Amino acid sequence: MHTNAQQAAHSAQRRGHRRRLLGLSSLAGQLMWVQLGLVVVLVCVAVLALVLQSRTAVMREAEHRSRAVAEAFAQAPVVVRALDSSDPSGVLQPWAERVRRKAGVDGVVVFSPQGIRYTHPDPALIGKHVVGPDKLTRTLTRTVKVSTGVTVVSTVPVTRNDGSVAGFVSVGITVKRLQSTAAAQLPVLLGGGAGAFLVSAGATLLVGRRLRRQTHGLGPVELTRMYEHHDAVLHAVREGVLIMDTDHRLLMANDEARRLLGLGPGREGERITELGMDPQTVDLLTADDVVSDAVGLAGDRLLAINIRPTDAAGGPAGSVATLRDTTELRALSGRAEAARERLRLLHDAGARVGTTLDVRRTVQEMADVAVPRFADLVTVELADRVMRGDEPSLPGDPLCRMAVSAGPSPRGGTSAADGSAGEDSAAAAQGVPGAHRTGRVPQGPAPSVLPFPVDELVTYSLPAPQAQAMSTHQGVLEAYLAGLEARLEGSGHAGRIRELGLGSLITVPVLARGVVLGVANFWRYQASGPFDEDDLSLAEELVGRAGISIDNARRFTREHTTAVTLQRSLLPGALPHQEAVEAAYRYLPAQAEHAGVGGDWFDVIPLPGARVALVVGDVVGHSLHAAATMGRLQTAVQSFSALDLPPDELLGCLDELVTKIDDNVGPDAAQISGATCLYVIYDPASGHCTIATNGHLGPALVQPDGTVSFPDIPISPPLGLGGEPFEKAELDLPEGSRLVLFTNGLVADRQRDFDTGIEQLRQALAGLPDGTPEETCQGILDAVLPPHPSDDIALLVARTRRLDVEHIAEWTVDRDPAAVAQIRTEAAGRLAAWGLEELGYATELILSELVTNAIRYSTGPIQVRLMRTRSLICEVADGSTTAPHLRRAATTDEGGRGLYLVSRFAQRWGTRYLDRGKIVWTEQSLVADALPANGVTDDALLDQWDDTGW
């Protein structure tokens, strides 16, 4: 106490000395007051000059501002549109008020040429008539006196593009408003004067520095005022203050400290340990060390405590403690952090859910993103039809569990399907921060039984919350599952809930376009705490966003399945039987994300004369239209092949067909132009190969010795572009050669260029010198196929065969009817050598008819060829291009029955045109039972046969 009195006396002494220093009796005080007088005079003169100058400036500023605001508002394009609209006030009134506030004017009034107000600061005056100019063509500024004082008003016409007046804009500003602006300069002036005075006062104080050093006391008035101020501040602050001595006795506590600690009056002088506070708080207050923002308890409050010594700056020994109530702040901080975590979860869900168009993967992504940050266990069940891309037919249908994601169970291990949890679950198990709000990461052995296996069929019925959610299309919150177990006792779900120790559930229907696709269940264990209403809102938002991605994946699955089914139905299911080549094929759809179904295709078509056609084509695009176009082109090629056209003529017909189709489609329909096709005909009798292509890659050729080459094939424009003739290339292939036909998806990819792919194909073929077609296909795919093809691939490998020369017989026939008998005799002998005597009669009849008619009606040399393959083939070639036609002869007709007999004894017959002439061919089954019987005798047939029926 003695020390405090000394300090007070010393402060009073300093104040008294300072007052004497600045008094009139001292030289320093006199100089200071003279300087103060000069400053006051200068300020007064400046104020007078400012007032005189501001009168003119204020009026000029008022005219300039009102005119500028009015012209800017009138020239805005939106004003003319608003004046010509049906509701000018609805558009202009909000804008006019914003301009008025920002421009600092008193009013922006827009009115029509008839004087009807559209805007006004007082909405009650909108629609009223205003007295003003109605023929104004330029800006008018005038000064008027109103109730608020002198006002400067500028009126500007609003003109349309054609020069007509759409309305007027009037802006007014009172002179008083600008005078207040000018008056705002007075504090600056006064501040400058005060600054000058302070500088002069500082100089004066410097002069009296030696005197101030000798003054250490304060007077009684100054001392009283200081203590009153300190006391008012101490008891008014919202922070508790405790002052303690070295023995931790309470010397002083302000009102806030008494409220926070529950201290009554008269507790000063007691020890801190005797005040009945929480032991943790007592330990903090009695600590001898500095304490910063430590947390202590006071009843149900959390206090932030800071302690500092009082003798650090030469004061009395002791300490001072400040107490700050942080209970509400921590609660608000917790809620804000929870809201931020929910936003982060939704953001992560938007980035991680729906990365693919696969339904199962999308559902699993939704489950994984919620564990363990939001729930301990997530199960998602969808209608089984959704996985197939169909619309669900809920309610009543069983659901299939598509995804399960689980974090660590408090009873040990995880309960995720197949023994694996989502990525977030694994992160939580490893102690990643933010794994769950409880901060627990339970550990334990994995369970031997999985209570929620994937692909399990489940059925929900009321009162199950899942059934309620699907029927109401709203999420259901079961904060505590104790009551739910009793309601579900007979359904089998209650046992699983008890087995897992689940304590809380949110179930949300998976909706898309108002249709229920399934249900998502979010579970928490009893140790993790219950869900609340905020959690329900978060779950509904999460599932709602995921539902859109799931429905998009479902619809893609449906379209993709439809396109793939169509495409595969159009491709050959199995290669046809033929003796010309040994063939194998591969078709691989594109595997890149969102690639869709392509239009690559292939075909193997048997032709007359034991020949075969090999076809590979490619349609532009990846869509259902591409698959359908592929089917149309394949059908067209098969139809044209039935006409036995050469490759170049067939592609010409195909090009003309595509052009006609594109010409007949609508302007918005997709076209076929741009498709490519490679057509190859191989004749095993001669080893001759004819190739034509329109924009497609030529085949690779592997010789029997393993030499790989890419023959030069004349390439014509793609189908539908037209303008160029189609050319063909002709090759003679030895037996055992391999032709490799492929689409560009095999050799061209985004990750490599075309030349690199061709070289890889060459090396792959060179490494398979003796490979079978099947081995060649697989070897090519293993060596050349990119990891994730962005285009579909069609690959066709054919190894050539040659017919045995012993199974081929050829004769040149003289143009003499007597030569027919000789041909019959030669043919009968060859059939006997082949062991086909039972076909002799029919074959002789066919050859007699064909050769006789060739002698009678054709020109040039006549060639006859018999070939034994899977069937007996008869060919008669001549130099005429006239095609025979089958017709039914009348009873009185002398001819017309020859081809009828041919068609009766042959399985098939037809005409193939050559560069010069034609070939009439027939095919007969090697089985005698296949011959027509029907009770027709030989004599009866001969009676119908007439050589004039060609």
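In the predicted model, Thr379 is placed in strand E10, which covers residues 377-383. Thr379 has a relative accessible area of 0% and is therefore buried, the cut-off for burial being under 20%. Leaving aside residues up to four places away in sequence, Thr379 touches Arg401, Ala403, Val404, Phe452, Val519, Ala520, Asn521 and Trp523.

Buried residues in H22 are Pro773, Thr776, Cys777, Gly779, Ile780, Leu781 and Val784. In an α-helix there are 3.6 residues a turn, so residues three or four places apart point the same way.

An open sheet is formed by five strands, in the order E27-E28-E29-E31-E30, with antiparallel pairing. Strand E27 (808-813) and strand E30 (908-913) each have a single partner strand and stand at the edges, so one side of each is left without a neighbour in the sheet. From one strand to the next, the twist averages 15 degrees. Strands of a sheet pair through backbone hydrogen bonds, in either a parallel or an antiparallel manner. Within this sheet, strand E29 (residues 871-878) and strand E31 (residues 918-925) run antiparallel and are joined by eight bridges. In this pairing, Ile873 stands opposite Glu923 of E31.

Helix H24, formed by residues 840-857, lies across E27, strand E28 (862-868), E29 and E31. The direction of H24 is at about 10 degrees to that of E29. H24 also packs with helix H25 (residues 898-905), at an angle of about 150 degrees and with the two axes 10 Å apart. The crossing of these two helices, H24 and H25, is left-handed. On the H24 side, the contact is made by Tyr841, Ala842, Leu845, Ile846, Glu849 and Leu850. The residues contributed by H25 are Gly898, Leu899, Leu901, Val902 and Phe905. By class, the residues of the contact between H24 and H25 comprise nine nonpolar, one polar and one charged.

Methods: Residues numbered from 1 in each chain as written. Predicted model: local features only at pLDDT ≥ 70, side-chain atom pairs only at ≥ 80, totals over all residues. Heavy atoms only, no water. Buried < 20%, exposed > 50% of the residue type's maximum accessible area, 1.4 Å probe, protein only. Helix = DSSP H or I, 4+ residues; strand = E, 2+ residues; numbered from the N terminus. Contact = heavy atoms within 4.5 Å. Pairing = 2+ DSSP bridges. Axes fitted to C-alpha atoms, helices over the stretch in contact; angles between N-to-C directions. Left-handed = near helix turned anticlockwise from the far one by under 90°. Nonpolar A, V, L, I, M, F, W, Y, C, P; charged D, E, K, R; others polar.
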